[in-house]
Amino acid sequence: MWIYEKKLQYPVRVSKCDPRVARYLVEQYGGADGELSAALRYLNQRYSIPDKVVGLLTDIGTEEFAHLEMIATMIYKLTKDATPRQMEEAGLGDHYVIHDNALFYQNASGVPWTAAYIQAKGDPLADLYEDIAAEEKARATYQWIIDMTDDVDLQDGLKFLREREIVHAMRFKEAVEMIKADRETKKVF
Amino acid sequence: MNAVKPTRDWYPFVGPFDPCPPKYVKTYYVPPNQFIPYQPMNLPQFSLADALRYGTLWPALYGPYESKCSPRGSETGG
C-alpha cells in the first residue's frame, strides 16, 4: 500500500519555452532505462528476492514513481501551450497527430514502452546487477539530456534526478554485498 | 578515488581518412559510488537544505555534472 503526498519530490521549474527538449525528456518517461521501467522493475523483483533487500527495492521503486512524476511535470510544462506548428517544429508533429499534447509512455524515438525493457530473473545477483546497470544507464541518459538544454532551471531538476541515480546505484551495490555475505551461517572450525 | 577529478580521458585512434574533424580526447564520468563498496557509518552530512538541492545527504556520494550546452547555445567540451 502507498501513501500519496500531493507534491513533487523536488521542485520542477522550466523557464524556457522549448518543446524540443520535451521530446528528449520522454526517454526518461517511457524509455528502456526511464523512470517507469525502473519503478516497475524494482517493485516486481521484490517478491522473489531475499527478505533483507526487499525493503530497499520497495523504497527505491517508490522513489522512481516520484521521479516519473517530476519528468511528467517537465514534459507537460514544455508542451502544454505549444501550438501544432510549434510541436511540428520541435519534431513532435507525429506525437501531436497521435496524442495531441498528451503524455505517452514511449521513448525519445516514439517507440512505445514495453515490458521487454525489464527483467525478473529470480536470481538475486542477476537482478541486482541489472538494477545497478539500469541506474548507471539512467545517470548517463540524464547527463546527455542536461547537455541538450541551456535552461538552467530545467538543468537543476535534472541534476537532482541524476544524483539520485548515483545514490540508488550505491544502495544496490550494498545490496549485492549483503547478498554475498553469509553471516547467518553457523561455522564450525 | 576521484582525488583530482571525476572524469577519465582516453585517446581514440585517429585515422588518416576520417571524414569529420577528429576528437583527440574522449572523456567519461566516474561517479563516486564506484569507490565505496559499502557505505561506512557516521559519514559527514550536508545540511538538510543543501541535501535537498544536491540530491544526496552525503558529500561522499555527491558527484555533480555540468551541462556541455552553454547559455548561448554553443557547444563546449567534448
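Helices here are DSSP runs of H or I with at least four residues, strands are runs of E with at least two, and both are numbered from the N terminus. With that in hand, chain B reads β-β-α along the sequence. That is 1 helix and 2 strands.

Ground rules next. This is a predicted model, where local features need pLDDT of at least 70, side-chain atom pairs count only at pLDDT 80 or more, and totals for chains, interfaces and linings use all residues. Residues are numbered from 1 along each chain as its sequence is written, chains are lettered from A and ligands numbered from 1 in the order in which they are written, and side-chain values use heavy atoms, with hydrogens and water left out.

Stay with chain B for a moment. Buried means under 20% relative accessible area, exposed means over 50%, and partly exposed is in between, with a 1.4 Å probe and protein chains only. Of the 78 residues in chain B, 26% are buried. Contact means heavy atoms within 4.5 Å. Take the chain B contacts between residues at least 6 apart in sequence: 25% of them join residues at least 24 apart.

Now the core. A nonpolar core is a set of buried Ala, Val, Leu, Ile, Met, Phe, Trp, Tyr and Cys residues joined through side-chain atoms within 4.5 Å. The largest one has 23 residues. Those with the most contacts inside it include A:L25, A:M74 and A:L154. Which elements give two or more residues to this core? In chain A, they are α1 (19-30), α3 (51-79), α6 (124-147) and α7 (152-180). The top contributor is α3(A), with 7 residues. Look at A:L154 in particular. Leaving out residues up to four places away in sequence, A:L154 touches A:R13, A:V14, A:V21, A:L25, A:M74, A:L78 and A:T149. Another core, of 13 residues, lies apart from the largest one. Its members include A:A38, A:I49, A:L57 and A:L128.

Next slide: between the chains. Start with A:E136, in helix α6 of chain A. Is A:E136 buried or exposed? Buried, because its relative accessibility is 16%. What does A:E136 contact, leaving aside neighbours within four places in sequence? A:A169, B:P31, B:N33 and B:Q34. Then the polar contacts. Those are pairs of N or O atoms within 3.5 Å; within protein, one atom must be able to donate a hydrogen and the other to accept it, and residues adjacent in sequence count only if both atoms are side-chain atoms. The side chains of A:E136 and A:R139 make one at 2.7 Å. The side chains of A:E136 and B:Q34 make one at 3.2 Å.

From the chain B side, look at B:Y29. B:Y29 sits in strand β2 (residues 26-29) of chain B. B:Y29 counts as buried because its relative accessible area is 10%. Beyond four places in sequence, B:Y29 touches A:R139, A:Q143, A:R162, A:I166, B:P6, B:T7, B:G63 and B:P64. The B:Y29 side chain also reaches the backbone oxygen of B:G63 at 3.0 Å. And there is a charge over the ring. The rule: NZ of Lys or CZ of Arg within 6 Å of the ring centre and within 35 degrees of the ring normal. A:R162 lies over the face of B:Y29, 4.6 Å from the ring centre. Within chain B, B:R53 lies over the face of B:Y54 at 5.9 Å.

On to ring pairs. Rings of Phe, Tyr and Trp (its six-membered ring) pair if their centres lie within 6.5 Å; planes under 30 degrees apart are stacked, over 60 edge-to-face, and the rest tilted. How many aromatic pairs are there over all chains? The count is 7. A:Y29 and A:Y105 are a stacked pair, 4.6 Å centre to centre, with 15 degrees between the planes. They are 76 residues apart: A:Y29 is in helix α1, and A:Y105 is in the loop between α5 (93-99) and α6 of chain A. A:Y29 is buried, at 9% relative accessibility. A:Y105 is partly exposed, at 33%. In chain B, ring pairs link B:F46, B:Y54 and B:Y62 into a cluster.

Last item, a record. UniProt, in an unreviewed entry, places a "binding site" feature at A:D59. UniProt positions use the numbering used here, feature names are shortened, and annotations may be inferred rather than shown by experiment. A:D59 is in helix α3 of chain A. At 55% relative accessibility, A:D59 counts as exposed.
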